[in-house]
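Hi there,

Here is the model I promised to send over. Please open it alongside this email, and I will walk through what turned up.

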Amino acid sequence: DPIEHGLLFERFLNPERISMPDIDLDFDERRRSEMIRYATEKYGEDRVAQIITYGTIKSKQSIKDATRVLGYPYVIGEKLTKALPPSVMGKDISLAGVFDSQDSRHGEAGEFRELYNSDPDSKKVVDLARGLEGLKRQWGVHAAGVILSREPLLDVIPIHRREADGAIITQFDMGACESTGLLKMDFLGLKTLTVIDDAQKLVRKHRGKPDFDIEKVGFDDAATFALLNEAKTIGVFQLESGGMQSLCRQFGISVIDEIVALIALYRPGPMQFIPDYIKGKKDANHVKYAHPLLEKVAKETYGILVYQEQVMEAARVIAGYTLGGADMLRRAMGKKIREEMEKQRDIFVAGAKATNDIDKKKAEEIF
């Protein structure tokens, strides 16, 4: 319920927004194909398509390919790929990054550059590999994305029909589809919803409760909070990791809003504020606000801006943003667009001065 939970409609749609909203729909994974069929029947087969994804050639693969094409022994490619810095979060360093001193992992690639500079064969392989890196290697279908169009898709983008099952797939990837103004929705098949549906049927069948409905279970169920606080969360969506279990144990959850806050905080970036959040709950004296005006924005989260709605509300209260303008700030922040954030800094500082006579130093600190 957006009223009860303080969700802002402007985060979804507003006159200042130039792109379509991001709509994610979660279904029992067994029924996802039904939803795609439903959308196709509702809007027309020529207006609904799944989205293509392109696999590109990464640095290690480009080195192996270049070694093979040049007819060099396999061992040369092997030596070069082993000299690359290890993957971080599953991402390899790019070959451009190896030679770019501005790249954060440039320093780790000294052994690779040494090979490149001292061995002519290695240099030849890498020079060819740099031309291959980033090229499209193969295509697949996006796990969740579905494109909806108001006019026939053939009038807007190229499409093709998959031989195996006749499914219609875009030939543009997700970013290109969205840039042409098409609406992208995520139809996600969630195993958790499958488990809940099965559990509901079992309760009706074996517990003598033929009318049991999970939708009617309240959000203030004390037995559920007790279970979470004992960290018995295996199989609970987004709460089952080891880190999340220890967090539930430390925190002592008593209302659903705290579960929502912990899930929002337990990710790279906001994770650093978890100790402050826990201290704030246990001791009101620990709660601090960057400005008195932020108290009503961040009171429920003990002085920490946890949600994107709070960012929008803070921009409105401190710097006089419209909610549409605040949504632009939220998007730039969420997508880490540095140039846009620098622009927003100037708007924020000027707005804070004009709206609340907050000086530049304090405004920048809040920003």
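Before the rest, a word on where the values come from. This is a predicted model, so local features need pLDDT of at least 70 and side-chain atom pairs count only at pLDDT 80 or more, while totals for chains, interfaces and linings use all residues. Residues are numbered from 1 along each chain as its sequence is written, and side-chain values use heavy atoms, with hydrogens and water left out.

**The whole protein**

The secondary structure comes to 17 helices and six strands; helices (H or I, at least four residues) and strands (E, at least two) are DSSP runs, numbered from the N terminus. The C-alpha trace spans about 70 × 60 × 45 Å along its principal axes. Of the 367 residues in the protein, 35% are buried. The accessible surface is about 22,400 Å², and carbon and sulfur atoms hold 55% of that (Shrake-Rupley method with a 1.4 Å probe; for residues, only the protein chains shown count as cover). Among contacts with a separation of 6 or more, 61% are between residues 24 or more positions apart; contact here means heavy atoms within 4.5 Å.

**Back to Leu323**

Leu323 is in helix H15 (residues 323-334). Setting aside residues up to four places away in sequence, Leu323 touches Leu8, Glu10, Met312 and Arg316. Its C-alpha atom is 7.6 Å from that of Glu313, a residue 10 positions away along the chain.

In the loop between H15 and H16 you will find Lys336. Lys336 is exposed, at 71% relative accessible area, and has a phi near 55°, a positive value in a residue other than glycine.

**Two crossing helices**

Two packed helices are described by the angle between their axes and the distance between the axes. For helix H14 (residues 308-319) and helix H16 (residues 338-356), the axes come within 7 Å and cross at roughly 50°. Axes are lines fitted to C-alpha atoms, for helices over the stretch in contact, with angles running from 0 to 180 degrees between N-to-C directions. H14 and H16 are therefore oblique to each other: angles under 35 degrees count as roughly parallel, over 145 as roughly antiparallel, 65 to 115 as roughly perpendicular and the rest as oblique.

Which residues of H14 and H16 meet? From H14 there are Ala315, Val317, Ile318 and Ala319, and from H16 there are Phe348, Gly351, Ala352, Thr355 and Asn356. The residues of this contact divide into six nonpolar, three polar and no charged (Ala, Val, Leu, Ile, Met, Phe, Trp, Tyr, Cys and Pro count as nonpolar, Asp, Glu, Lys and Arg as charged, and the others, Gly among them, as polar).

**Aromatic rings**

Rings of Phe, Tyr and Trp (its six-membered ring) pair if their centres lie within 6.5 Å; planes under 30 degrees apart count as stacked, over 60 as edge-to-face and the rest as tilted. By this rule there are seven aromatic pairs. One of them is Phe251 with Tyr277, which is stacked at 5.2 Å centre to centre with 20° between the planes. Phe251 lies in helix H10 (residues 242-251) and Tyr277 in helix H12 (residues 274-282), so the pair ties together parts 26 residues apart in sequence. Phe251 is buried at 2% relative accessibility, and Tyr277 is buried at 1%.

Ring pairs link Phe251, Tyr277 and Tyr302 into a cluster. Tyr302 sits in the loop between helix H13 (295-298) and H14, and its phi is near 55°, a positive value in a residue other than glycine.

**Two residues of helix H6**

Val126 is found in helix H6 and is buried, with a relative accessible area of 0%. Beyond residues up to four places away in sequence, Val126 touches Leu80, Phe99, Phe112 and Tyr116. Leu128 lies in helix H6 (residues 120-132) too, but is partly exposed at 33%. Leaving aside neighbours within four places in sequence, Leu128 is in contact with Ala66 and Leu70.

Happy browsing!

Note on methods:
Buried < 20%, exposed > 50% of the residue type's maximum accessible area, 1.4 Å probe, protein only.
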